[in-house]
Amino acid sequence: MTHSTLTRRWQSAMMDNFGTPRLPLVRGQGTRVWDTEGNEYIDLLAGIAVNALGHAHPALVRALTDQATTLGHISNFFVAEPTVTLAERLLTLSGRPGRVYFSNSGAEANEAAFKIARLTGRPRIVSTQGAFHGRTMGALALTGQPPKRAPFLPLPGPVDYIPYGDTEALRSAVTDDTALLILEPIQGENGVVVPPPGYLTAAREITKSTGTLLALDEIQTGIGRTGHWFAAQAEGIEADVVTLAKGLGGGLPIGATLAFDKAADLLAPGTHGSTFSGNPIVCAAALAVLDTIENEGLLAHAKRMGERLRTGIEFLSHPSISEVRGAGLLMGIVLTTPSAPQIQQTAQCKGFLVNAATPNVIRLAPPLILSNEDADQFLTSLPSILNTHHDGPPPT
Ligand SMILES: *Cc1c(COP(=O)(O)O)cnc(C)c1O
């Protein structure tokens, strides 16, 4: 099977919503993947911040094969232990009592947050410009990117989109009739945008004073990505609702909506659900992800590797880079020109999978198991990747 054969088959059999994929892959192991022609790549994107343990991690493979051969899908008329254990573990990691609803994706985790917000009886929702909260109609309504919403209007609302990172905007937009304020601790999809220090704390104080639910979308930032179980723990924030997906299943599809205090009791029997919610196989896989992060010390490791990459990139002082931002292993390399798509392509030719999150930001979200050698290989190649697109003279 060659690249072009599989790509042609894709083009005739698949809907074109994603556009033609960059590259057909056949195998993954650890931080590496291989294409149909045997080329090896260091995977610095991890299925978009999903494969926390890399590819084919033995603990994950063992957990899901054990569960699949013991008890697979059963529906919510019944319950199996991995589902309850995972809910308990997530609450323990949050450090306080609450309740969990499981779904199958990030968008669905936010849909549940949206429905919880409706059940407060308040009409209004506040989100932020540039936010990404998913593609289903409710999650899309929360997404602060007009081009993504425009073809699908009308969407549920009303939702106000305020500038991200702006505390004064929060103060005037969040009022006594605001049901929900939803925020990403770091805007991932929008190019790894980090808010100013104290922003989340202010959001917590403002929502507390108006009786508004604060939902933190930790779908991309959660489960060790930033060196904490939850990114908001760096600021010591306790939200009313926390949504998770991406890294939680380590590659299996799972979403989770955690709710605390009075928000935890709003979904009554019959108000929400999904056939696959709490599927034992994906829950067993997620437990293996959490166990492995703990056993292998991957929170500290993610922080350390993030520092290694950041200082390594900054040390280059490359004229094409204006800033490196993010936390832990969620990193945005901000470019001085809108050259991210070409740089993504050059990186791929040189054996690195990265993501052009926006025209001028390269996003890195590698597996949390990234090694020193992986990071250093990328740092060594980065100048030549960037120089291909550098307009001025090459740096000396
Ligand atoms: C990816 C992402 C989503 C959507 O998750 P899906 O699994 O693609 O539906 C929502 N919010 C954030 C912050 C994300 O990064």
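**Grounds for the sheet and core assignments**

Reply: The model is predicted. Helix H11, residues 298-316, lies across E11, strand E12 (330-335) and E15, and runs at about 170 degrees to E11.

Me: Why are strand E11 and strand E14 called edge strands?

Reply: The open sheet has four strands in the order E11-E12-E15-E14, with antiparallel pairing. Strand E11 (321-327) and strand E14 (355-358) each pair on one side only. The twist averages 30 degrees from one strand to the next.

Me: What makes the set of 77 residues a nonpolar core?

Reply: Such a core consists of buried residues of the nonpolar kinds, joined through side-chain atoms within 4.5 Å, and buried means under 20% relative accessible area. The largest set that qualifies has 77 residues, and Leu86, Leu90, Leu248 and Phe378 have the most contacts inside it. Helix H10 (residues 280-295) gives the largest share of this core, nine residues. At least three residues come from each of domain 1 (3-56 + 297-387) and domain 2 (71-295).

Me: Which residues does Leu248 touch, not counting residues up to four places away in sequence?

Reply: Leu248 touches Leu86, Leu90, Ile223, Ile254, Ala256, Ala286, Val289 and Leu290 on that count. A second, separate core has 19 residues, among them Ile116, Ala141, Leu142 and Ala215.

Definitions and conventions
Residues are numbered from 1 along each chain as its sequence is written. This is a predicted model: local features need pLDDT of at least 70, side-chain atom pairs count only at pLDDT 80 or more; totals for chains, interfaces and linings use all residues. Side-chain values use heavy atoms; hydrogens and water are left out. Two strands pair if DSSP finds at least two bridges between them. Helices (H or I, at least four residues) and strands (E, at least two) are DSSP runs, numbered from the N terminus. Axes are lines fitted to C-alpha atoms, for helices over the stretch in contact, and angles run from 0 to 180 degrees between N-to-C directions. Contact means heavy atoms within 4.5 Å. Buried means under 20% relative accessible area, exposed over 50%, partly exposed in between (1.4 Å probe, protein chains only). Domain bounds come from an automatic or database domain assignment.
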